[in-house]
Amino acid sequence: MGVSGPSPAPAPPHVAIEDHGVIGDLQTAALVSTQGDIDWLCLPRFDSPSVFAALLDPERGGRFTVRCEGATRTKQMYLPDSNVLVTRFLGESSVGEVVDFMVPREVKHADPGTMHLVRVVRAVRGQVEVDIRCAPAFDYGRARTEVDIVEGAGAFFSSAAGQLVLRSTVPLAAEGRAAVARPVLAEGQTLALELSRHGSTHPLQLIQVEALLSATLAYWQQWVRKSRYRGRYREMVERSALTLKLLVHQPTGALVAAATTSLPEAIGGTRNWDYRFTWVRDAAFSIYALMRLGFTEEAAAFMAWLEDRCTEAPSGEGLQILYSIDGAPAPVEEPLDHLCGYRGSRPVRIGNGAAHQLQLDIYGELMDSVWGYDRYGDPISYELWQALCRQLDWLQDHWEEPDHGVWEVRGPRQRFTYSSVMTWVAFERGIQIARRRGLPAPLERWRSAADGAYLHVQQGAWDPARRAYVQYPGSHTLDAGALAMPLVKFTGPRDPRFLATLERIEEELVTDSLVHRYRNDGTDGFTEAEGTFNLCSFWYVEALSRAGRLDQARHTFEKMLTYANHLGLYAEEIGPSGEALGNFPQAFTHLALISAAVNLDRALDGRPRSHDD
């Protein structure tokens with residue numbers, strides 16, 4: 001192993017959202033670009049301040065680069081059935097690989113009290129020059145960082161906002177506020193780096209790293225083997241399940257909506273939100289998707305988290321729509337004006353102002369997931385049932401109020417159709433749980449509320465002139481949320497009204513298998529465009545398959561799969577030229593893919609759909 005000359009020029013400024021893989025330790029997650037940069041990582045949790053955020057500002061954000069020089073192409077892959085990422089650097093005379101992983105706390109050989117982010121570099125063919133540059137920028141780049149080199153061991157980074165320890169099997173040097181190295185590996189040689197938040201900077205041994213890699217790989221492979229899915233789309237379904245698992249905060253059972261903040265819904269636009277929190281809606285849907293594949297432990301952990309939120313809710317108040325992962329209120333939304341944003345999309349925001357919105361649909365998604373867990377997991381506790389009854393009592397008093405809806409509009413409140421549909425779901429599922437379990441409940445009052453919500457949709461949201469359910473009574477706007485109606489059994493999949501709505505949505509909101517949420521007219525508080533919404537595109541597939549249009553459903557689904565990135569990952573939206581937009585990776589998209597694949601498989605196989613599906 002040798003050492004080469006000065007460090008090369010930095011990587012190009014903004015790597016595309018889709019040109020990333022994700023690794024994590026079930027407490028936080030890092031994005032790794034195809035160029036070998038870790039350009040997003042928050043520590044110690046998903047919702048903590050960033051230490052690497054070059055994705056949002058290449059100059060100020062900080063990044064951790066490990067790349068093999070001389071490559072003409074790069075490729076990324078996950079090791080089979082895992083969240084261990086391999087980036088391959090392919091050159092004319094050399095091939096190098098960087099293996100990236102984070103170590104879940106329960107993995108054998110891991111220190112349960114700290115974070116391990118490990119990067120292993122291998123010279124697969126020929127002589128490989130490696131460029132190493134670790135330049136953290138604590139607290140979203142607001143805190144000044146100092147670096148101290150520890151000879152023969154690594155580097156120590158410190159700031160008023162925290163510290164990091166970088167251990168290395170090769171010597172490091174200080175360059176400004178970065179730790180750098182330019183080792184040269186002969187064919188067959190390996191080097192390793194380990195980043196952690198605590199501990200001493202003592203020498204790193206390759207045998208320790210290999211043990212951590214083997215144990216981490218075994219952890220993920222053993223987890224994914226629990227999946228019951230054996231259908232046509234196994235690779236994509238299991239990748240989606242592994243991605244959802246990465247978004248679970250294991251200490252609390254909460255699941256974040258995405259690993260990032262402020263990745264834009266339109267380049268240069270202002271729809272840039274912080275998704276590193278637990279939305280009741282998103283988490284409930286995601287846990288239900290995992291449960292359908294057989295991952296009941298995650299569902300049990302979320303039910304415990306949910307019980308705490310319902311129990312803590314003050315008397316006479318509803319749930320918040322989103323929480324910090326420990327159950328605390330989400331922080332106040334604020335801009336980070338010192339960051340330039342992804343490709344100039346500003347403002348960069350932390351916190352989320354939607355936390356104070358009224359979104360009545362969350363009770364439907366919540367009760368639907370509880371109903372599924374009670375039926376297919378473990379019977380819910382009496383304490384959770386009491387807390388849920390209090391929430392349904394609150395909903396009964398407030399469901400007729402206008403709200404901000406599932407799309408979290410920042411314009412005027414309306415009585416959104418989707419919210420009314422989900423109000424019906426909430427009471428209907430509550431009634432079913434009570435009757436199946438013989439649990440005490442005010443069934444007559446719940447039945448009356450469910451009937452009222454149902455009739456409100458059928459009598460107020462159905463537009464005879466448009467032959468469609470509209471976004472809210474009196475509106476002329478179509479909303480792709482209507483695609484969920486047969487999925488939650490509000491209407492039959494071949495009901496004439498739903499089929500007419502499906503036809504209108506296809507005419508106005510669908511473009512080459514991709515579905516817009518709605519056509520924006522400014523009433524949502526924004527005038528700028530946005531991409532098509534991946535959740536709605538997968539809802540569209542499921543609606544088609546349930547309606548019996550199987551050839552079209554399969555074609556649409558398989559076309560949607562081509563919009564995943566090279567690793568099978570999705571952001572929230574897809575832009576005009578097929579680029580990923582919005583936060584990444586996105587739980588909503590991956591849970592909808594799982595549901596669409598399961599239902600499409602069943603329909604293509606000719607298997608009868610059970611009442612519960």
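**Exercise 1.** Is glutamate 265 buried or exposed, and what is its relative accessible area? Then work out which residue glutamate 265 meets in a salt bridge, and where the two partners lie in the chain.

*Solution.* The model is predicted, and the values that follow are computed from it. Start with accessibility: glutamate 265 has a relative accessible area of 3%, and because buried means under 20%, glutamate 265 counts as buried. Next, look for the partner, which is arginine 517, whose side chain meets that of glutamate 265 in a salt bridge (3.7 Å, N to O). The pair links distant parts of the chain, since glutamate 265 sits in the loop between β20 (254-255) and β21 (278-279) while arginine 517 sits in the loop between β28 (514-515) and β29, 252 residues apart.

**Exercise 2.** Where do arginine 466 and glutamate 508 lie, and is glutamate 508 buried or partly exposed?

*Solution.* The side chains of arginine 466 and glutamate 508 form a salt bridge (2.0 Å, N to O). Arginine 466 is in the loop between β25 (462-463) and β26 (468-469), whereas glutamate 508 is in helix α10 (residues 496-508), so that distant parts of the chain, 42 residues apart, are linked. With a relative accessible area of 29%, glutamate 508 is partly exposed.

**Exercise 3.** Which strands pair with β16, and which way do the side chains of β16 point?

*Solution.* Begin with the pairing: strand β11 (residues 128-135) runs antiparallel to β16 over three bridges, with isoleucine 132 opposite alanine 181. Strand β15 (residues 173-175) likewise pairs with β16 in the antiparallel sense over three bridges, and here alanine 173 stands opposite valine 180. β15 and β16 form a hairpin with two residues between them, and glycine 176 in the turn has a positive phi of about 65°. For the side chains, recall that in a regular strand they alternate between the two faces of the sheet. In β16 (residues 178-181), Ala178 and Val180 point one way and Ala179 and Ala181 the other way, and all are buried.

Terms used
Residues are numbered from 1 along each chain as its sequence is written. This is a predicted model: local features need pLDDT of at least 70, side-chain atom pairs count only at pLDDT 80 or more; totals for chains, interfaces and linings use all residues. Side-chain values use heavy atoms; hydrogens and water are left out. Buried means under 20% relative accessible area, exposed over 50%, partly exposed in between (1.4 Å probe, protein chains only). Helices (H or I, at least four residues) and strands (E, at least two) are DSSP runs, numbered from the N terminus. Two strands pair if DSSP finds at least two bridges between them. A salt bridge is a side-chain nitrogen of Lys or Arg within 4 Å of a carboxyl oxygen of Asp or Glu.
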